[in-house]
Amino acid sequence: MTGATREMFYNEALGEALRLEMERDERVIVLGEDIAEHGGAFQVTAGLLDKFGPTRIRQTPISELGIVGAAVGAALTGLRPVVELMYVDFSGLAMDQLVNQAAQNRFMFGGQARVPMVMRTQGGSGRGNAAQHSKSLEAWFTHVAGLKVVMPSTPADAKGLLTSAIRDDDPVIFLEHKLLYRTKGQVPSGEYLVPLGKADVKRAGTDLTIVTWSREVLFSLEAAGKLAADGIEAEVIDLRSLVPLDRDAVLASVRRTHRLLVVHEAIKRGGYGGEIAAIVAEEAFDDLDAPPRRLAGLETPIPYAQHLEKTVVPQVDDIVRVAKELVA
Amino acid sequence: MERPTALDLYRVMRRIRDFEERATVLFGEGKLWGTIHSYAGEEGIAAGVCAHLRDDDWITSTHRGHGHCIAKGADLGRMYAELLGRETGYCRGRGGSMHIADTSKGNLGANGIVGGGIPIATGAALTAKQLGTDQVAVSFFGDGAANQGAFHESANLASIWKLPVIYVCENNQYAESLPVKNAFAIDDISSRAGGYGMPGVRVNGRDVRAVYDAAGELIARARRGEGPAFLVADTYRHEGHYYGDPRKYQSKDEIEGWKTRFDPLVDTRAWITEAKLATAAELDAIDAEVIEEAKRAVAWAEAGPPASPISLPGDVYASY
Ligand SMILES: Cc1ncc(C[n+]2csc(CCOP(=O)(O)OP(=O)(O)O)c2C)c(N)n1
């Protein structure tokens, strides 16, 4: 990062990206529940109502399907809508519009259509919100041809990726994590773009490659610190964008470290980690000194009790343990 | 009604009927693939509504979408080419009958998902409102779709935001095999409009004049910024739900009876000649022109190259 930066919370960085893009392009509007005076369930749109008024910060009734569908129609006809869906767990209500409409219009209509919309939402566990408000569902969206899937882990990435997502001409599913909103980091001031499809090496290392995203990036970095104390240098790659995927970054790293560990919070079965492991197995098998490993959520809904919640998604010590097994 | 308007409506209706009959023949000849849903019997609705729309107004359509597409001004050759899986088709053979769109004429697409177009038209109306234009959006859908959450959520959004969108429900008495009387506990579907605070109007869909008049008022009202409306047109589909439907849910008497008793093209010819807006010979001449035009369109479509191979990611993503 060069130029001026400011320390900001992740949710403030997202709000700043929205504000700058709304100032830059009047076609950008935000639709969502409780996004006006209240500022959104996670305070991302705080202050935007005063600046842009109720027609551009368009607070909606509780109608996920209607809101997402309206965004699809608005995107097809010239606006650049950003939908805030309160929890990714509610996306099932809007799934037809995402999967059958937004994702496929361009293809189905032979290239006549563009659907420049963003669906921002958040997921993840760690706050005692239990099964219906804590899931990590990115794999659902990565499986749909026509959607892009973005998951920032830091305030700077949050700002830069959201800016790129809003300017992108395809539908982007933008997945935030509820426990990242109050994390802080240096964020470049003014216009700042992080391209979709570019992974970021959050820590360089030589002994194994940890591929991860969203909140598990923070856990992985903490784990890498502990591993370093034991003489193991882990490289931590934050995918940032799952679709498009920066395959080259993953493969190049694995070819140097010869070991792959994928870490994500979502359930392991059918998770996107399987995709990463498969790509590495198909394309870099001969470079591997050990089978690829996946460390991911247990096949269970997220439990409520504080001591239970932690047991179903990878924690720092789990990462340390599996990394050590991998390099042993 | 003025003569040119009447003749335009008749021509559009005849075009649609001819398209459906011709597409059925092409299907029978094994040249089409997948499935088609005939709009025969319902022509007056698309014709009467779209007569009030400009090229920059939008529609969303359904699996039974050929009629809407034609009424909105589509090129028949490109429609046939799409059905025939040609590169020259509207969607380059990627969409087929259930997904024809013509964005140059404001047709945001047919839809294979019952009710799928309703929120999209609502969003298009949001664009008009947001940008301060006087464009309107029309969503066509069936009685079956009126029971989807998509309709209810969209109608509510449109009414609280006063969006320029007209919801046009084509009540053709069936949702696939489900009769309307088993799907609604009300007799008048348009009465649902009251729950959203918008006007609800019910018209006889076999009478293109009634559709034309009602749609004209509601569309003008939306253009003036007075908000959405719900138009329900009672109609009947002459064919089965799809090409090849065994129609086990209907009696022979019903099928034959409706087909002869309910034909908006016969009706339209009758009132045009009775009102002396044109002679039967003039209408026959229009029929002949429509047939010639359609034959040329099919020949053009059949001469087109097959749809090109899928190109990735470009066919799927605008940028990648
Ligand atoms: C969401 C969804 N459910 C079911 C279907 C299968 N299906 C296709 S058309 C149809 C009936 C639709 O009835 P209606 O909306 O009245 O339209 P019509 O066919 O009568 O024109 C059904 C059930 C579908 N395509 N999409």
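## Basis of the description

Helices (H or I, at least four residues) and strands (E, at least two) are DSSP runs, numbered from the N terminus. This is a predicted model, in which local features need pLDDT of at least 70 and side-chain atom pairs count only at pLDDT 80 or more, while totals for chains, interfaces and linings use all residues; side-chain values use heavy atoms, with hydrogens and water left out. Residues are numbered from 1 along each chain as its sequence is written, and chains are lettered from A and ligands numbered from 1 in the order in which they are written.

## Positive phi in chain B

R247(B), which sits in the loop between β7 (229–234) and α8 (252–261) of chain B, has a phi near 55°, a positive value in a residue other than glycine. R247(B) is buried, with a relative accessible area of 11%, where buried means under 20% relative accessible area, exposed over 50% and partly exposed in between (1.4 Å probe, protein chains only).

K276(B), in the loop between α9 (264–274) and α10 of chain B, is not a glycine either, and its phi is positive at about 60°. With a relative accessibility of 74%, K276(B) counts as exposed.

## Cis peptide bonds

In chain A, the peptide bond from V243(A) to P244(A) is cis, with omega near -5°, and P244(A) belongs to the loop between β12 (241–243) and α9 (247–257). In chain B, a cis peptide bond with omega about 0° joins L312(B) and P313(B), and P313(B) lies in the segment after α10 (280–303).

## A buried aspartate in a helix

D18(B) is part of helix α1 (residues 3–28) of chain B and, at 8% relative accessibility, counts as buried. Neighbours within four places in sequence aside, D18(B) is in contact (heavy atoms within 4.5 Å) with Y80(B), V290(B), I291(B) and A294(B).

## The largest pocket

On a 1 Å grid over the protein atoms alone, a pocket is an open set of points where a 1.4 Å probe fits, with protein on both sides within 12 Å along at least five of seven lines, and lining residues have an atom within 4 Å of a point. The largest pocket holds about 460 Å³ of space, a volume being the space filled by probe spheres set on the points, which are joined across faces, edges and corners. Of its 21 lining residues, the closest to the centre are T142(A), V243(A), Y272(A), E275(A) and Y320(B).

The elements that give two or more residues to this lining are α6 (138–142), β12 and α10 (272–284) of chain A, with the largest share, 3 residues, coming from α10(A).
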